[in-house]
Amino acid sequence: MTILGCIADDFTGATDLAGLLARSGLPVSLRMGIPDEAPTDTAPFEVIALKCRTAPLDEAVTETLRALDWLQRAGAQRFFWKYCSTFDSTPQGNIGPVAEALMQALGTNQTIYCPAFPENGRAIFMGNLFVGQQPLAESPMKDHPLTPMRDSNLMRLLQPQVTRPVGLVDRLTVAGGPEAIRTAMAATEAAHLVVDAVANEDLYTIAEACMDMPLLTGGSAIAMPLPALYRAAGMLGDSAASFTPPTLAPQAVILSGSCSAMTNQQVARYTATGAPALRLDPLDLAENGVRPALDWLAQQDLTQAPLIYATADPDAVKAAQATLGRARAGEIVEQALATLATAARDAGVRRFVVAGGETSGAVTQALNVARLDIGKEIAPGVPWTYCTSAGHDLALTLKSGNFGAPTFFSDALEAL
Ligand code: ADP
């Protein structure tokens, strides 16, 4: 029986949330999109990954309500709407309108908004969101290509997105404990409450105060305390046996299509260990196809966890994009890594480390993965996950661009 049904507005965000829920040791299942089939074999914590952060609003609302319906059929009575800890949205949405549609469907007239993630430097004070020590609107998020964040005040960001009043539960109230939060919430007419959280302890206080609300919304971190709270309340019953990962053959590959600063460091660190590594060049792939890379892979000792990477510095990326176009350069690399992933699986690889959000999408699609069970966390927000592909049990870790330490690739392999 599912206790908490979660809907995430993007792919690696869903993995992040699933990983934090799984810190509890309780079973967490992640679905890539809304499953076609009716819920069976469900976990106490179910996360559905959508791709609706910047989708047209009516599409985002329709998809979320479909996901809600599936989670309700799985037995969930409490729900979590997960968005980015930098509140990635525009005056049109999609955070507020989706929350309002969920509230209406659930017949509830109040919810909270808490994107804070102190472990990753996201804090909210007096309704203002900070990235490290910078206000959101002074952080690099001000120049995001799709959702530039030009205001740091969450009440001002949220109000144009919703029809009902927005309010604040401030840090002083949170410091008063769960009862003070509940009293403040009962005393206000506001339907949409931004809640301050500066340190991890604040998240535990807020989660305790709000654990029985039908709908909570936020980044991944505010959901992290919920499993322990539900367990303490006796809500998990026998369903709460912890997930046992399958035993897997040692063959592994690392596929990296992220070009973020951190992934560049991770590739440099891993190649410096002397592990086998192949660099993919998009121009070369465009001309000669993926065959040479497949031939290289076929000659590798797969127990040595070879790395195949298109990861490059900004100048090299720009040069490839200038010749091929931004979209085509990306597609060629994603396609190549997806093809290499299936070839690796067919050659006996059972452990996959994948770097890059879009890259992870391409690889999981190629491996035809519909569901992931969540295992041990490697770095904050990056767990090992388990799935089946073409009848084989696989372990997969999907790392979004800037996550993980410079030693992430070795860390991941050691953690299995
Ligand atoms: P991140 O999580 O770091 O954003 P993504 O996988 O989401 O990583 O995005 C990286 C994009 O860059 C992908 O579309 C990938 O195919 C593309 N890419 C990877 N290497 C190169 C390269 N050398 N030149 C151009 N584009 C590249």
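Which residues come nearest to the ligand? Select Ser258, Glu334, Gly357, Glu358 and Thr359 to find out: of the 19 residues around the ligand, these come nearest. Bear in mind throughout that this is a predicted model.

**Stop 1: the ligand and its contacts**

Stay with the ligand and pick out Thr359. One of its polar side-chain atoms lies 2.6 Å from an oxygen atom of the ligand. Now move to Glu358. Here a backbone N or O atom lies 2.7 Å from an oxygen atom of the ligand. Then select Ala310. A backbone N or O atom of Ala310 lies 3.0 Å from a nitrogen atom of the ligand.

How much of the ligand does the protein bury? On its own, the ligand exposes 580 Å², and the protein buries 82% of that.

**Stop 2: the shell around the ligand**

Colour three helices next: H12 (314-324), H13 (326-346) and H14 (357-366). These are the elements that give two or more residues to the shell around the ligand. Which of the helices gives the most? H13 does, with four residues.

Now colour the shell by residue class. You will find eight nonpolar, nine polar and two charged residues.

**Stop 3: H12 against H13**

Show the side chains where the two helices meet. From H12, select Ala320, Gln321 and Leu324. From H13, select Arg326, Arg328, Ala329 and Ile332. By class, this contact of H12 with H13 has four nonpolar residues, one polar and two charged.

**Stop 4: H9 against H15**

Go to another helix pair: H9 (residues 261-271) and H15 (residues 408-415). Their axes come within 7 Å and cross at roughly 70°. That angle makes H9 roughly perpendicular to H15.

Which residues make the contact? On H9, select Gln266, Val267 and Tyr270. On H15, select Phe408, Phe409, Ser410 and Leu413. Five residues of this contact are nonpolar and two are polar, with no charged residues.

**Stop 5: the loop between E4 and H3**

Finish in the loop between strand E4 (78-82) and helix H3 (95-106). Most residues other than glycine have a negative phi, and most peptide bonds are trans. Two places here are worth a click.

Start with Phe87, which sits in the loop between E4 and H3. Phe87 is not a glycine, yet it has a positive phi of about 55°.

Then select Gly93 and Asn94. A cis peptide bond joins them, with omega at about 10°. Asn94 lies in the loop between E4 and H3.

Note on methods:
Residues numbered from 1 in each chain as written. Predicted model: local features only at pLDDT ≥ 70, side-chain atom pairs only at ≥ 80, totals over all residues. Heavy atoms only, no water. Near = heavy atom within 4 Å. Polar contact = N/O pair within 3.5 Å; in protein donor to acceptor, adjacent residues only side chain to side chain. Areas by Shrake-Rupley, 256 points an atom, 1.4 Å probe, with all protein chains shown as cover. Nonpolar A, V, L, I, M, F, W, Y, C, P; charged D, E, K, R; others polar. Axes fitted to C-alpha atoms, helices over the stretch in contact; angles between N-to-C directions. Parallel < 35°, antiparallel > 145°, perpendicular 65-115°, else oblique. Contact = heavy atoms within 4.5 Å.
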